[in-house]
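Colleague: Could you walk me through a helix contact and then the aromatic rings in this one? I have the structure open.

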Amino acid sequence: MELAVLGLSADEERVYEALVAQPGSTAAALSDHLSTPVQRTLTALAAKHLVSCSGRPSRYVAAPPDIAINQLVQLRERELSAARAKVHSLSEVHRSAHRTSPELVIEQLTDRETIAAAVAHLESEARHQVRVFDTPPYYESPGGEGAARFTQEQITRHQNDGVTHRVIYSLDAVNWPRKLETDILPAVQGGELARTRRSLPIKLIIRDDQDALIPFDLSRSGLQVAYLVRRSPLLTALEALFEGEWAQAAPLDVAAPDPGNSTLPDDETRALLTMMMAGLTDTAIARANGWSTRTTYRRLQRLMNELGASSRFQAGSLAERRGWL
C-alpha cells in the first residue's frame with residue numbers, strides 16, 4: 001500500500017504495516033523484526049493516531065486500517081477541496097483587481113493557432129518540469145502526426161535537458177481511441193511520470209513556476225479559447241491544485257495484459273472485487289462475509305498484489321482490463 005501520498009514516510013509505513021500484522025509488539029521486537037530502530041517512528045505514528053501503546057514494557061497496536069487510513073484520506077480530500085476553493089477565491093480577486101489595474105497577468109487566447117503556439121512555448125521553454133492535466137477533447141487527434149511529433153519533442157526534452165514531465169490522465173483520456181497506445185505509452189516509456197484520476201476539473205499545462213495554460217472547449221469543433229496565466233497568486237493556486245490531484249492520483253499501469261493469464265477469478269474473488277469497487281470499507285466487507293478484519297485485509301492485499309495494483313481504484317481498473325468485472 002502506498003501511504004506516502006497521505007503524509008507517511010517510508011519508515012512510518014513499514015512500521016505501521018508490521019504492527020498491523022503483529023499487534024502487541026514491543027519497540028524492541030519491532031526493531032529486531034525490521035532490523036532498524038523504530039522508537040522515533042512509533043512516536044511519530046502515535047502523534048498521528050495510527051498506533052497506541054499500553055503496559056510495561058510498552059506494547060504497540062496499530063489502529064484499524066479502515067478507520068485510520070480513511071481518516072488520512074479524508075484529510076487529504078479536505079486539503080484538495082481547500083485548494084479548489086482557493087482557486088475560485090483567487091479568481092474572484094483577480095477579476096476584481098483587473099477591473100482597475102492595467103497590469104495583465106492573465107491573457108485570453110481565442111484561436112487554434114495561437115493556442116497551439118502557446119502550448120509549444122510552454123513545452124520548449126521549460127527548464128525544470130512540465131505538469132499537465134490531460135483530459136478530452138484534444139486539439140491534435142491522438143495518434144495523428146501532430147500529436148506524435150509533440151510526444152517525441154517531449155521525450156527529447158526529458159532525455160537531453162532533464163525536464164521532468166508529470167501528467168495526470170483522466171479515465172476518459174486513457175480510454176480515448178488510440179490515445180493509450182500511440183501517445184501515452186510512448187511518452188511513459190520515454191520517461192514521463194504518469195498517474196490517473198477518474199476525472200479532472202480542467203485541462204491544464206504548467207511550465208516550471210512561471211506560467212500556465214487553461215484550454216476550454218466552447219464548441220463541438222474543438223478548442224477555441226484558452227487562458228494564459230503568468231506568475232501570480234492564481235498561478236500558485238493552480239500549482240496547489242495540480243499537486244493535490246497528483247497526491248490523490250493512482251500510478252498509471254501501462255503494462256500490456258498477460259495473454260497467458262486468462263484464468264477468470266472464482267466467485268469469491270469476483271464478489272470481493274465488486275464490494276471493494278462499490279466503496280465498502282474493510283469492516284463492511286468482513287461483516288458481509290463473516291471474516292475477521294485482519295482476514296479481510298490480507299485477502300484484499302493478496303488480490304491487489306495479484307493484480308499489481310497500488311490502490312483500490314487501480315485494482316478495479318486492472319480487473320476490468322483483465323475481464324474480471
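Colleague: At what angle do helix H12 and helix H13 pack, and how far apart are their axes?

Modeller: Bear in mind that this is a predicted model. In it, H12 (residues 293-307) and H13 (residues 312-321) pack at an angle of about 55°, and their axes are 10 Å apart, so the two helices count as oblique to each other. Their crossing is left-handed.

Colleague: And which residues in H12 and H13 meet there?

Modeller: From H12 the contact takes in Leu300, Met304 and Leu307, which meet Arg312, Ala315, Leu318 and Ala319 in H13. By class, the residues of this contact are 6 nonpolar and 1 charged, with no polar ones.

Colleague: Switching to the rings, how many aromatic pairs does a search of the whole structure find?

Modeller: The search finds 3. One of them is Phe216 with Tyr227, an edge-to-face pair with 5.6 Å from centre to centre and 75° between the planes. Phe216 lies in strand S9 and Tyr227 in strand S10, 11 residues apart.

Colleague: What about Phe242 and Trp246, how are they arranged?

Modeller: Phe242 and Trp246 form a stacked pair, 5.9 Å centre to centre with 20° between the planes. They are 4 residues apart in helix H9 (residues 233-248), and therefore separated by about one helical turn. Phe242 is buried, with a relative accessible area of 0%, and Trp246 counts as buried at 10%.

Colleague: Which residues do ring pairs link into a cluster?

Modeller: Phe133, Phe242 and Trp246 are linked in that way.

Notes: Residues numbered from 1 in each chain as written. Predicted model: local features only at pLDDT ≥ 70, side-chain atom pairs only at ≥ 80, totals over all residues. Heavy atoms only, no water. Axes fitted to C-alpha atoms, helices over the stretch in contact; angles between N-to-C directions. Parallel < 35°, antiparallel > 145°, perpendicular 65-115°, else oblique. Left-handed = near helix turned anticlockwise from the far one by under 90°. Contact = heavy atoms within 4.5 Å. Nonpolar A, V, L, I, M, F, W, Y, C, P; charged D, E, K, R; others polar. Phe/Tyr/Trp six-rings, centres within 6.5 Å; stacked < 30°, edge-to-face > 60°. Buried < 20%, exposed > 50% of the residue type's maximum accessible area, 1.4 Å probe, protein only.
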